[in-house]
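Q: I have a protein chain to look at. Please show me how to read it, step by step.

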Amino acid sequence: MTSRCTIVAGGAGFLGSHLCDQLIGRGERVICVDDLSTGDSANVAHLVVQTDFRFVQCDIVDPALTDLLADEPITGIMNMASPASPPAYLLRPIETLRTGSRGTEQLLEIARAHSARFFLASTSEVYGDPLEHPQRETYWGNVNPIGERSVYDEAKRYAEALTMAYHRAHGIDVRIVRIFNTYGPRMQPDDGRVVTNFINQALSGEPLTIYGDGSQTRSFCYVDDEVAGLLALFDSDVTGPVNVGNPNEFTMLELAREVLDLVGSDLPLVTRPLPSDDPKLRRPDITLARDLLGWEPTVSLRDGLRETIDYFSAARG
């Protein structure tokens with residue numbers, strides 16, 4: 001058996017399952033913990049036959065998790081567990097806050113008991129609707145603490161604070177990453193994120209829905225690049241937080257046109273009101289990731305979208 005044993009909480013989700021693939025591929029024992037509230041067991045079905053892979057269906061808030069993992073030789077914990085798309089966390093607001101608070105604390109206690117490295121997947125949403133652009137890790141953010149989206153934003157902000165408190169008070173070896181918009185195969189088709197919305201509408205022959213005037217921006221990172229960045233931080237001696245995302249910025253109108261071009265369609269665009277507290281700008285400053293981790297993304301938006309469209313097209317049969 002390998003000497004490294006990593007828990008991936010939320011391991012049946014979009015990003016988590018790709019992490020499981022990479023960790024297994026480099027010879028680690030992987031314990032995937034997921035309650036399947038937003039994850040999908042199909043994402044890791046191909047790994048179940050692996051000797052060094054174990055799937056544990058459990059909420060990270062459930063106290064039973066500690067006993068379920070007690071006999072495992074845990075060396076690392078990657079906490080990817082949380083609803084991540086607005087429809088998912090708005091449907092489960094209390095659960096999302098508990099995952100970021102109680103769930104994160106339980107995983108930190110498990111890390112403490114096993115002297116394991118703890119990795120927190122935080123988010124660019126801690127920057128809120130930013131007054132600094134691009135966003136650096138030193139920026140404290142502009143978050144509405146009582147808005148609808150706050151259940152996710154504040155859960156992650158609290159999880160960061162809790163992680164650093166355990167680091168300072170108990171000497172836990174921790175890493176914190178702030179993930180920017182990521183896309184690629186294994187995203188849930190109905191997760192409500194703009195990439196999946198546009199692709200599925202285009203493949204269905206439906207008008208693409210633009211919220212607001214389409215001038216708001218995002219920076220999209222293909223999943224292979226994102227996972228490489230996460231593992232570069234996990235393996236490093238950098239505590240963080242570190243932004244991991246693609247610094248190339250696109251408006252929603254530009255994204256819509258790119259998807260339509262790749263699908264080969266001239267479908268119309270329809271507009272809807274901008275959701276509450278929706279950030280107008282989002283672009284990471286990745287200076288730290290470049291300088292400290294030697295990481296930067298390499299997959300262009302067009303190439304990544306092509307792979308993602310192919311995946312959703314195949315899934316539709």
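A: Start with overall size. With 317 residues, a compact globule would have a radius of gyration near 20 Å, and the chain agrees because its value is 19 Å. The radius is taken over C-alpha atoms, and the globule rule is 2.2 Å times the number of residues to the power 0.38. This is a predicted model: local features need pLDDT of at least 70, side-chain atom pairs count only at pLDDT 80 or more, and totals for chains, interfaces and linings use all residues. Residues are numbered from 1 along each chain as its sequence is written, and side-chain values use heavy atoms, without hydrogens and water.

Q: How many helices and strands does the chain have?
A: Helices (H or I, at least four residues) and strands (E, at least two) are DSSP runs, numbered from the N terminus. The chain has 10 helices and 13 strands.

Q: What share of the residues is buried?
A: Buried means under 20% relative accessible area (1.4 Å probe, protein chains only). Here 52% of the 317 residues are buried.

Q: Which residues of helix α6 are buried?
A: An α-helix has 3.6 residues a turn, so residues three or four places apart point the same way. Helix α6 covers residues 194-204, and its buried residues are V195, T196, F198, I199, N200, Q201 and A202.

Q: What covers the buried residues of α6?
A: Look for contacts (heavy atoms within 4.5 Å). The cover includes strands β7 (182-183) and β8 (208-211), plus helices α8 (252-263) and α10 (301-315).

Methods
Buried < 20%, exposed > 50% of the residue type's maximum accessible area, 1.4 Å probe, protein only.
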